[in-house]
Amino acid sequence: MNIKRRVLTININNQTRCINSNQYTLENILNLCNTTNKIKSIASTSDGLKYLKTILSDKRAMLYFKQPSTRTFLSFQNACHILGISTSEIRDTSTSSETKGESELDAIKTFSQYSDLIIMRHPSNDFIYEISNNLSDKTRIINAGSGSDQHPTQALLDFYTIYKYGLENKKIAFVGDLLRGRTVRSLSLLLNKVSDTKLYFVSPKQFQIKSDILEQLNIDYDITDDFDKILPDMDVVYMVRLQDEYKHEGINDNEIIDTSKYSINSGNINKMKDDAIILHPLPRRNEISVEIDGDKRAKYWEQCENGMWVRVALIMSMFGASKL
Ligand code: CP
C-alpha cells in the first residue's frame, strides 16, 4: 500500500491524475471552486456556452464504468460535451473484448490509443493505482469511484457545495454507513485541510468509519451513535445510504443492524439549525424523506447539479486550460 501511495505522489505532481482526494492542497481545491464559479457564470449565456465548447474540442474521452452510475456517468459525459470533448463509453463489458479474455489492463491501454482522458469507475479499491502507474501522463486519468475506498470527484463537488454556504468554523456530521461509504472517506480527507472544521461520524458502531481515515485526520472529530443528540448543533448534515453492494465487507451477514434512526424526516428536521444544510451524494433510499426536498435546508439536488460544473472545472485544470 505504501508503495502505491508513493508512486501516486509522483504521478499526481502535474495533476494529470485525479485518484485520491488526499492529493489536493487546500489551495488546489479553492482554485477549483473559483474556476467552477467562473464557468457557471460563463455558461449562463448562449455565447458563453459556445465559448466553453471550443476550449477542449480537440480532445477525446473514454468513460469506462464497471459499476452502476447515474450522476457520475452523466455529469462527466455532459461536462466533456460542455467543453467540446467527444466521448466513448463502455458500461457493459459483455459488449467488449474482455469477454474474449482480454485483461482489464490491456483494455485500458487500448482506450489510451484513442483517448486523451480516461474516466473510470471500478469495483476494486486499487486498480485505479495500477492503471495510473501503467499509462504515461499523456493520458489523463480520473477516478470516478474505486470500490469502497475513494470517490474524489464526489468529494470535490461536495466541498464546493459546502464552500458555497460558508466554510468557516463548521460542524459537519456524516450519517449512515460510513464503513463502506467511499464519498465520506474522500470528503473527510478534503475537509481535513480546513483547520477549524469539526467532523462527527454518526452511525451504529458496526458501520463506523475505518481507522485508516481517522489516523489521517489532523482536525477535531467525534464518533457517536447518537444522531438525535448532535443534530441541533450541526451546520452540515451529510447523509449516506446503506452500501450493501459491499455486503461482505466488515459486516457479519447474519447480524441485523437497526439503521432506522439515522434518517431525516418531518419528525426531526425542525431540530436542525435554521441555516444548516443537508447534503447527500445520492442515490438515496429512506435516509431522507421525500417530504424534506422542499425544505430550504435540503441542498442535495443543487449538490447534484454542482457535480457537473465542478467536473468541467476539474477536466479543464487537468488539461492546463483553466485560465478563463
Ligand atoms: N453520487 C454518485 O456517485 O452517484 P452515482 O452512483 O449515481 O454516480
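The legends below accompany close-up views of a predicted model.

**Figure 1. Overall fold of the predicted protein, with 11 helices and 10 strands.** The C-alpha atoms occupy a box of roughly 55 × 50 × 35 Å when the extents are taken along the principal axes. The radius of gyration is 20 Å, which agrees with the value near 20 Å that a compact globule of 324 residues would have. Buried residues account for 53% of the 324 residues, and the protein exposes about 14300 Å², of which carbon and sulfur atoms supply 47%. Among contacts between residues at least 6 apart in sequence, 74% join residues that are at least 24 apart.

**Figure 2. The parallel strands S6 and S7, and the stacked rings of Phe 174 and Phe 201.** Strands S6 and S7 run parallel and are joined by five bridges, and Val 175 has Val 202 of S7 as its bridge partner. Strand S7 is mostly covered, with four of its five residues buried. The structure holds seven aromatic pairs. In the pair shown here, the ring centres of Phe 174 and Phe 201 are 5.7 Å apart and the planes meet at 20°, so the pair counts as stacked, the cut-off for which is under 30 degrees. Because Phe 174 belongs to strand S6 (residues 171-175) and Phe 201 to strand S7 (residues 198-202), this pair ties together parts that are 27 residues apart in sequence. Phe 174 is buried, at 0% relative accessibility, and Phe 201 is likewise buried, with a relative accessible area of 0%.

**Figure 3. The edge-to-face pair of Phe 201 and Tyr 221, within an aromatic cluster.** Phe 201, which is buried with a relative accessible area of 0%, forms an edge-to-face pair with Tyr 221, at 6.1 Å centre to centre and with 70° between the planes. Since Phe 201 lies in strand S7 and Tyr 221 in strand S8 (residues 220-224), the pair ties together parts that are 20 residues apart in sequence. Tyr 221 is partly exposed, with a relative accessible area of 32%. Phe 174, Phe 201, Tyr 221 and Tyr 238 form one aromatic cluster.

**Figure 4. Arginine charges over the rings of Phe 73 and Phe 76.** The charged end of Arg 91 sits over the ring of Phe 73, at 3.8 Å from the ring centre. In the case of Arg 311, the charged end sits over the ring of Phe 76, and the distance to the centre of that ring is 4.8 Å.

Figure 5. Between Lys 100 and Ser 115, which are 15 residues apart along the chain, the C-alpha atoms are separated by 22 Å. When residues up to four places away in sequence are not counted, Ser 112 touches Ile 118, Leu 135 and Thr 139.

**Figure 6. The cis peptide bond between Leu 282 and Pro 283, and the positive phi of Leu 282.** Most residues other than glycine have a negative phi, and most peptide bonds are trans. The bond that joins Leu 282 and Pro 283 is cis, with omega about 5°. Leu 282 also has a positive phi of about 65°, although it is not a glycine. Pro 283 lies in the loop between strand S10 (277-279) and helix H11 (300-318), and Leu 282 is placed in the loop between S10 and H11. Leu 282 counts as buried because its relative accessibility is 10%.

**Figure 7. Asn 169, a residue other than glycine with a positive phi.** The phi of Asn 169 is near 55°. Asn 169 is found in the loop between helix H7 (152-164) and S6, and it counts as exposed because its relative accessibility is 56%.

Technical notes:
Residues are numbered from 1 along each chain as its sequence is written. This is a predicted model: local features need pLDDT of at least 70, side-chain atom pairs count only at pLDDT 80 or more; totals for chains, interfaces and linings use all residues. Side-chain values use heavy atoms; hydrogens and water are left out. Rings of Phe, Tyr and Trp (its six-membered ring) pair if their centres lie within 6.5 Å; planes under 30 degrees apart count as stacked, over 60 as edge-to-face and the rest as tilted. Helices (H or I, at least four residues) and strands (E, at least two) are DSSP runs, numbered from the N terminus. Buried means under 20% relative accessible area, exposed over 50%, partly exposed in between (1.4 Å probe, protein chains only). A charge sits over a ring if NZ of Lys or CZ of Arg is within 6 Å of the ring centre and within 35 degrees of the ring normal. The radius of gyration is taken over C-alpha atoms; the globule rule is 2.2 Å times the number of residues to the power 0.38. Contact means heavy atoms within 4.5 Å. Accessible areas come from the Shrake-Rupley method with a 1.4 Å probe; for residues, only the protein chains shown count as cover. Two strands pair if DSSP finds at least two bridges between them.
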